[in-house]
Amino acid sequence: MHSYLSPLFPLYTDEVKKMRIVAGNFRSRRIEAPRSDQTRPTLDKVREAVFNRIGPYFEGGIMLDLFAGSGAVGLEALSRGMERVVFVDRSMEAVDVIRRNIAALGVQQVSSVWKMDWQAALRRCQREALRLDLVYLDPPYQRQPLAEVLIRLEASGLLADNATVIAESLRETVLDEQVGQLTKIREAVYGISRISIYRKESES
């Protein structure tokens with residue numbers, strides 16, 4: 001996923017160099033990370049912990065991987081049974097890396113890659129009448145619009161009943177417990193990162 005680096009978190013640690021799919025159909029397959037210092041991939045151990053909390057496996061569904069970076073989170077979801085993933089990033093380097101990772105795993109038919117910002121991505125999702133079951137939000141740590149993204153996403157009408165929304169932020173960033181019909185159900189800190197998990201209440 002995509003975010004700007006904190007000076008506390010150098011990009012090329014051994015863990016980032018060894019990025020891989022953690023579980024599922026593509027378990028242990030290596031994936032590429034953007035080399036730019038403008039991205040901070042989510043580490044394998046964090047992805048494993050997150051998916052263990054929300055799954056760990058899926059029986060279909062549509063995911064939006066917003067600020068996708070390497071596409072690691074969306075590819076992990078596909079490996080674990082997600083039916084389709086839309087990857088969004090405004091960086092051309094990130095988009096190129098995502099496309100290479102998708103091709104390496106042979107999941108082109110169930111993947112869409114959009115080079116655009118998050119506002120344009122939500123509008124396109126609305127035009128395509130998508131109903132999202134899972135959304136991962138990881139905007140740049142140093143200038144995160146997470147509160148605004150959550151508000152716009154919740155109001156967009158894109159979330160299916162019981163959809164899960166996961167927001168990754170700096171550990172110091174504490175998000176609201178309730179955003180419209182989104183309720184924070186879990187929260188955990190991993191190193192410098194805070195993971196906030198929301199569930200959309202069923203309209204029925």
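Predicted model: local features only at pLDDT ≥ 70, side-chain atom pairs only at ≥ 80, totals over all residues.
**View 1. Strands β1 and β2 run side by side in the parallel sense.** Here we meet β1, residues 62-66, and β2, residues 84-89, joined over five bridges. As a reminder, strands of a sheet pair through backbone hydrogen bonds, either parallel or antiparallel.

**View 2. Eight strands form an open sheet with mixed pairing.** Reading across, the order is β3-β2-β1-β4-β5-β8-β7-β6. The edges belong to β3 (111-115) and β6, each of which pairs on one side only.

**View 3. Two helices lie across strands of the sheet.** Helix α3, residues 72-79, lies across β1, β2, β3 and β4, and its direction makes an angle of about 175° with β2. Helix α5 lies across β1, β2 and β3, running at about 165° to β1.

**View 4. Helix α5 packs with helix α6.** The pair consists of α5 (residues 118-127) and α6 (residues 146-155), with axes 11 Å apart and an angle of about 10°. That angle is why α5 counts as roughly parallel to α6. On the α5 side, the contact is made by Trp118, Gln119, Leu122 and Arg123; α6 brings Glu148, Val149, Arg152 and Leu153. Sorted by class, the contact has four nonpolar, one polar and three charged residues.

**View 5. Hairpins link β6 to β7 and β7 to β8.** Strands β6 (residues 178-179) and β7 (residues 182-190) run antiparallel and are joined by two bridges. Gln178 has Thr183 of β7 as its bridge partner. Two residues sit between these strands, and Gly180 in this hairpin takes a positive phi near 60°. Moving on, eight bridges join β7 to β8 (residues 193-200), again in the antiparallel sense. Tyr190 stands opposite Ser193 in β8. This hairpin also has two residues between its strands, and Gly191 takes a positive phi near 60°.

**View 6. The second largest pocket has 13 lining residues.** Its volume is about 160 Å³. Nearest the pocket centre you will find Phe58, Asp133, Leu134, Asn162 and Thr164. Strands β4 (132-137) and β5 (159-170) each supply at least two residues of the lining, and the largest share, four residues, comes from β5. By class, the lining has six nonpolar, five polar and two charged residues.

Conventions
Residues numbered from 1 in each chain as written. Heavy atoms only, no water. Axes fitted to C-alpha atoms, helices over the stretch in contact; angles between N-to-C directions. Parallel < 35°, antiparallel > 145°, perpendicular 65-115°, else oblique. Contact = heavy atoms within 4.5 Å. Nonpolar A, V, L, I, M, F, W, Y, C, P; charged D, E, K, R; others polar. 1 Å grid on protein atoms, 1.4 Å probe; cavity = no way out; pocket = protein on both sides within 12 Å on 5 of 7 lines; lining within 4 Å. Points joined across faces, edges and corners; volume = space filled by probe spheres on them. Pairing = 2+ DSSP bridges.
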